[in-house]
Amino acid sequence: MKLINIGFGNLVSADKIVAIVSPESAPIKRMVQDAKEQGTCVDATYGRKTKAVIITDCDLIVLSAKTAESFENKGSKGERTVE
């Protein structure tokens, strides 16, 4: 299982990620607000500004203080393999 570092020592399974998007658009803001109301939002920003919204295949929304670009093409850097 590959794990992606989303900041502050938090990890997300790479196999579960559907998309990593910017939180700036209105539809994403609505999606985050709906997830907060339904209890399916995980805030991993430690009180900092949300710079990326991670959408998973199990309908969880994860908020990260790292930018969406920081996840791009890192190869094995930032990923961990757990067996």
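Select Asn5 in strand S1 (2–7) and then Leu11 in strand S2 (10–13): Leu11 is the bridge partner of Asn5. Strands here are DSSP runs of type E with at least two residues, helices are runs of H or I with at least four, and both are numbered from the N terminus.

Before going on, note that this is a predicted model, in which local features need pLDDT of at least 70, side-chain atom pairs count only at pLDDT 80 or more, and totals for chains, interfaces and linings use all residues. Residues are numbered from 1 along each chain as its sequence is written, and side-chain values use heavy atoms, without hydrogens and water.

**The hairpin**

Now show S1 and S2 whole. They run antiparallel and are joined by four bridges; two strands count as paired if DSSP finds at least two bridges between them. Two residues separate the strands of this hairpin, and Phe8 in the turn has a positive phi of about 60°.

Next select Ser13, which lies in S2. Ser13 is buried, with a relative accessible area of 15%. Buried means under 20% relative accessible area, exposed means over 50%, and partly exposed lies in between (1.4 Å probe, protein chains only). Apart from neighbours within four places in sequence, Ser13 is in contact (heavy atoms within 4.5 Å) with Met1, Lys2 and Leu3.

**The aromatic pair**

The structure holds one aromatic pair. The ring centres of Phe8 and Tyr46 are 4.9 Å apart and their planes stand at 35°, so the pair is tilted. Rings of Phe, Tyr and Trp (its six-membered ring) pair if their centres lie within 6.5 Å; planes under 30 degrees apart are stacked, over 60 edge-to-face, and the rest tilted. Phe8 sits in the loop between S1 and S2 and Tyr46 in the loop between S4 and S5, 38 residues apart. Phe8 is partly exposed at 40% relative accessible area, while Tyr46 is exposed at 53%.

**The helix**

Last, select helix H1, residues 26–38. Which residues of H1 are buried? They include Ile28, Val32 and Ala35. Looking down the axis of H1, the buried residues fall within an arc of 65°, so they line one face of the helix; the arc is taken from the directions from the helix axis to the C-beta atoms. Strands S3 (17–21), S4 (41–44), S5 (52–56) and S6 (61–64) are among what covers these buried residues. On the face turned away from the buried side are the exposed residues Arg30, Glu37 and Gln38. Just after H1, Gly39 has a positive phi of about 80°.

How values were computed. Expected span 1.5 Å × (residues − 1).
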